[in-house]
Amino acid sequence: MAGSFEFIVTRQNPVLVAPNSETPKCLYYLSNLDQNIAVTVKTFYYFKSKSKTNQDSYNVLKKSLSEVLVHYYPVAGRLIISPEGKIAVDCTGEGAVLVEAETNCGVEMIKEAISENRMEMLEKLVYDVPGARNILEIPPVVVQVTNFKCGGFILGLGMSHNMFDGVAAAEFLNSWCEMAKGLSLSLQPFLDRMILQPRKPPKIEFPHNEFDEIEDISGTERLYNEEKLVYKLFLFEPQKLEKLKTMANEEDINSDNKVTTFQALTGFLWKSRCEALWFKPDQRVKLLFAADGRSRFIPPLPKGYCGNGIVLTGLVTSSGELVGNPLSRSVSLVKSVVELVTDSFIRSAIDYLEVNQTRPSMTATLLITSWSRLSLHKLDFGWGEPIFSGPVGLPGREVILFLPGLNDMKSINVFLGLPASAMKVFEELMKI
């Protein structure tokens with residue numbers, strides 16, 4: 001079907017949806033954790049109700065968006081560079097971008113695109129601001145509502161990671177759902193990011209390997225430039241996850257502590273990706289993962305904290321150290337870094353960023369981020385929960401995303417992109 005029928009999305013002119021009442025006009029502080037990941041995260045959600053059509057989808061979402069932006073007023077502003085040279089928000093109240101669209105096909109074509117990981121089709125469901133050269137020229141929230149002939153619709157979102165991490169994004173979207181259904185907010189956003197200011201004077205207490213610069217000695221950049229990037233989704237069911245944990249534990253006879261699912265899966269994927277990309281044995285490689293620091297701060301961050309509560313932590317080793325050793329070696333390295341994430345470490349990272357004003361180098365790097373515990377698949381704007389949803393591409397080619405299994409919350413879907421030849425090798429390595 002996909003080969004004989006072109007998928008066409010017809011968009012109306014974009015509009016700005018401002019807060020529906022007056023909001024503060026000010027320069028809004030973003031913490032050093034907000035500076036770290038300057039990307040737009042794109043997602044889509046397909047809704048179809050047995051009791052109501054998509055006729056009012058655009059108007060309901062537009063009205064409720066204007067209402068929720070009153071509570072989340074910085075989201076209606078624009079990213080700028082502050083006098084201190086950092087990303088901040090100019091709270092202008094201009095609003096989010098909203099686009100109404102329709103398509104010539106049924107939703108089956110989208111399901112086919114998802115199963116085949118055809119990102120070029122899914123990208124038509126999220127509006128890209130024409131001519132935007134960087135994140136400063138993209139509003140923090142961009143919305144596209146695409147109606148299908150079957151009566152369903154897809155909500156396509158582009159959300160600034162400078163404004164939200166996964167938890168904050170899920171809370172914003174849940175608040176928007178409540179507005180759409182005429183409900184009061186069940187959780188008021190906590191907007192004061194000044195609580196994560198660096199210490200004075202800054203106090204760097206840990207070696208922050210996550211910022212290490214790495215040289216590409218394996219020709220990996222050339223591989224990415226010459227070959228098509230292929231996206232794949234790999235399902236790890238409970239039995240497969242248990243097998244990985246058993247493998248890691250059996251190989252590590254000196255370990256008294258059992259590994260977690262996250263540690264075993266991350267170690268396995270890091271080792272496999274190094275092998276698939278044909279890194280030289282002495283290629284320095286880096287693992288980064290986004291750890292939620294909300295409960296690790298002392299005291300914990302307030303409920304509803306609307307900002308990045310995650311910290312990127314990581315380690316650097318050689319590809320040969322991973323590929324040339326049993327899985328237990330990779331997993332033990334991951335385990336040591338997971339246990340490092342404490343209040344002291346996160347505050348040290350905040351201070352490191354204050355002193356060095358840098359972002360992590362991504363050469364020969366794998367960044368693991370997990371959405372498996374977020375409630376994005378439960379959003380309900382009045383048409384019931386999405387029948388299916390997911391990411392549109394990845395925020396970077398170095399990213400591997402953990403997504404929840406469709407019908408089993410104990411399963412994990414692993415989503416990544418690799419050059420075509422590397423993906424063939426990676427697929428074989430996933431057969432355990």
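## Exercises on salt bridges, cores and helix packing

Asp343 and Arg347 lie 4 residues apart in helix H11 (residues 343–356), so about one helical turn separates them. The model is predicted: local features require pLDDT of at least 70 and side-chain atom pairs pLDDT 80 or more, whereas totals for chains, interfaces and linings use all residues. Residues are numbered from 1 along each chain as its sequence is written, and side-chain values use heavy atoms, without hydrogens and water.

**Exercise 1.** Determine how Asp343 and Arg347 interact, and whether they are buried or exposed.

*Solution.* Step one is the criterion: a salt bridge places a side-chain nitrogen of Lys or Arg within 4 Å of a carboxyl oxygen of Asp or Glu. Asp343 and Arg347 form such a bridge, with the closest N and O atoms 3.0 Å apart. Step two is accessibility: buried means under 20% relative accessible area, exposed over 50%, and partly exposed in between (1.4 Å probe, protein chains only). Both Asp343 and Arg347 are buried.

**Exercise 2.** Classify the partners in the salt bridges Lys25–Glu22 and Arg294–Asp292 by accessibility.

*Solution.* The bridge between Lys25 and Glu22 has an N to O distance of 3.0 Å. Lys25 is partly exposed at 46%, while Glu22 is exposed at 68%. In the second pair, the closest N and O atoms of Arg294 and Asp292 are 3.4 Å apart. Arg294 is buried at 12%, and Asp292 is partly exposed at 30%. The structure holds 26 salt bridges.

**Exercise 3.** Identify the residues that touch the most other members of the largest nonpolar core.

*Solution.* A nonpolar core is a set of buried Ala, Val, Leu, Ile, Met, Phe, Trp, Tyr and Cys residues joined through side-chain atoms within 4.5 Å. The largest core has 79 residues, and Leu155, Phe164, Phe172, Trp176 and Phe381 touch the most other members. Helix H5 (residues 166–180) supplies the largest share of this core, 9 residues. A second, separate core of 54 residues includes Trp270, Leu287, Val338 and Ile412.

**Exercise 4.** Describe the packing of helices H8 and H10.

*Solution.* Helices are DSSP runs (H or I, at least four residues), numbered from the N terminus. H8 (residues 261–276) and H10 (residues 327–338) pack at about 125°, with axes 8 Å apart. These axes are lines fitted to C-alpha atoms over the stretch in contact, with angles from 0 to 180 degrees between N-to-C directions. H8 is therefore oblique to H10, as angles under 35 degrees count as roughly parallel, over 145 as roughly antiparallel, 65 to 115 as roughly perpendicular and the rest as oblique. Contact means heavy atoms within 4.5 Å; the residues that meet include Phe262 and Trp270 in H8, and Leu327 and Val338 in H10.

Methods. Helix = DSSP H or I, 4+ residues; strand = E, 2+ residues; numbered from the N terminus.
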